[in-house]
Amino acid sequence: MAYLAFLSLFIGVPALLLTLLNALLRGRGALLPPSLRAWPATPVVGAHVLLALLYTSPWDNYLVATGVWWYNPDLILGITFGYVPLEEYLFFAAQTVLLGLAFAAAARLTPPPEFSFRSYPWLRLGSAGSAMAIWLYALFLLGSGNPRNTYLGLELAWGIVPLSIQLIFGADILWYYRRPVLWTLLPGTLFLSAADAFAIFSGTWTIDPQQSLGIELGGILPLEELVFFLLTAAMVVFGVTLVSAKQSHRRARWLPTKLRRAE
């Protein structure tokens with residue numbers, strides 16, 4: 001399947017359906033509940049599109065340059081920036097928009113939290129500490145000398161850093177909004193992984209078996225691809241939640257005061 005056709009079918013159509021769903025939900029009132037309206041949804045998602053492009057592009061170019069994955073040159077438009085085709089950059093942006101639309105719908109369709117928000121520093125420290133342990137494991141994989149650890153090590157080392165920052169800042173906020181977070185994160189990861197499996201099956205792109213573990217879900221999808229979409233979906237969903245939540249904005253004003261007191 002041509003890469004552009006893949007984007008149209010697996011990203012464009014679901015994004016259109018979610019846009020229509022959000023338009024119907026907006027007809028019943030504001031798109032997001034009051035506690036998730038610290039910033040308008042459109043600029044929040046737009047900022048995450050820019051971040052996705054800036055943070056993912058160098059890493060993805062490295063993967064293609066080192067042969068961790070490659071694309072079929074006959075199935076792209078032929079426009080590349082660095083080592084990566086234009087369609088790949090469009091994928092970064094479109095995936096972010098798709099997840100942003102899904103989160104907006106989930107925030108309206110799931111019940112609101114049943115209790116008032118409470119700050120849990122232990123949750124922030126514990127979850128961020130666990131994430132950093134995974135990051136250290138990624139460094140171990142990369143330093144093990146086994147080429148089959150390459151892809152998993154690279155994606156964990158790359159993806160855990162922003163997730164750790166998000167968790168140390170607002171794991172308790174994410175837990176407070178766990179219903180829309182999970183109802184976006186889990187279905188989003190599974191859907192994007194299934195779409196990825198179709199693209200691999202149809203030859204749109206290929207994962208190097210010599211630089212991956214060789215564990216294939218359903219006989220098609222490398223385990224690392226599921227991990228990749230879990231990481232990227234979490235970055236987007238966590239980021240949109242934290243930027244949109246009023247609790248985050250109160251905490252962001254509180255942090256500089258505490259830092260000044262510590263000096």
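A salt bridge is a side-chain nitrogen of Lys or Arg within 4 Å of a carboxyl oxygen of Asp or Glu. The model shown is predicted, so local features need pLDDT of at least 70 and side-chain atom pairs count only at pLDDT 80 or more, while totals for chains, interfaces and linings use all residues. Residues are numbered from 1 along each chain as its sequence is written, and side-chain values use heavy atoms, with hydrogens and water left out.

**View 1. Salt bridges that share partners join R124, D172 and R251 into one network.** R251 forms a salt bridge with D172, and the closest N and O atoms are 2.9 Å apart. This pair links distant parts of the chain, with R251 in helix 8 and D172 in helix 5, 79 residues apart. Helices (H or I, at least four residues) and strands (E, at least two) are DSSP runs, numbered from the N terminus. D172 also meets R124 in a salt bridge, at 2.8 Å from N to O. Here too distant parts of the chain are linked: R124 belongs to helix 4 and D172 to helix 5 (residues 150–176), 48 residues apart. Buried means under 20% relative accessible area, exposed over 50%, and partly exposed in between (1.4 Å probe, protein chains only). D172 is buried, at 2%; R251 counts as buried at 9%, and R124 counts as buried at 11%.

**View 2. R179 and E114 form a salt bridge.** The closest N and O atoms of R179 and E114 are 3.2 Å apart. R179 is in helix 6 (residues 178–201), whereas E114 is in the loop between helix 3 (86–109) and helix 4 (121–143), and the two are 65 residues apart. E114 is exposed, with a relative accessible area of 67%, and R179 is partly exposed, at 31%. The structure holds three salt bridges.

**View 3. R37, K246, R250 and R253 form a positive surface patch.** Patches are made of residues with over 30% relative accessible area and no salt bridge; like charges are joined within 9 Å, and nonpolar side chains (Val, Leu, Ile, Met, Phe, Trp, Tyr) within 5 Å. Lys and Arg count as positive and Asp and Glu as negative, while His and the chain ends are not counted. The place of a charge is taken as NZ of Lys, CZ of Arg, CG of Asp or CD of Glu. R250 lies in helix 8 (residues 246–262) and is partly exposed, with a relative accessible area of 46%.

**View 4. L4, L77, I79, F81 and L90 make a nonpolar surface patch of about 440 Å².** Accessible areas come from the Shrake-Rupley method with a 1.4 Å probe, and for residues only the protein chains shown count as cover. L90 is found in helix 3 and counts as partly exposed at 37% relative accessibility.

**View 5. Two of the spans that UniProt lists as "transmembrane region" (unreviewed entry) are residues 122–144 and 227–245.** UniProt positions are given in the numbering used here, feature names are shortened, and annotations may be inferred rather than shown by experiment. Residues 122–144 are 96% helix and 0% strand, with end C-alpha atoms 33 Å apart. Residues 227–245 are 95% helix and 0% strand, with end C-alpha atoms 26 Å apart.

**View 6. The UniProt annotation "domain: Lycopene cyclase" (unreviewed entry) covers residues 48–95 and 151–238.** Residues 48–95 are 58% helix and 15% strand, and their end C-alpha atoms lie 10 Å apart. For residues 151–238 the values are 75% helix, 8% strand and 23 Å between the end C-alpha atoms.
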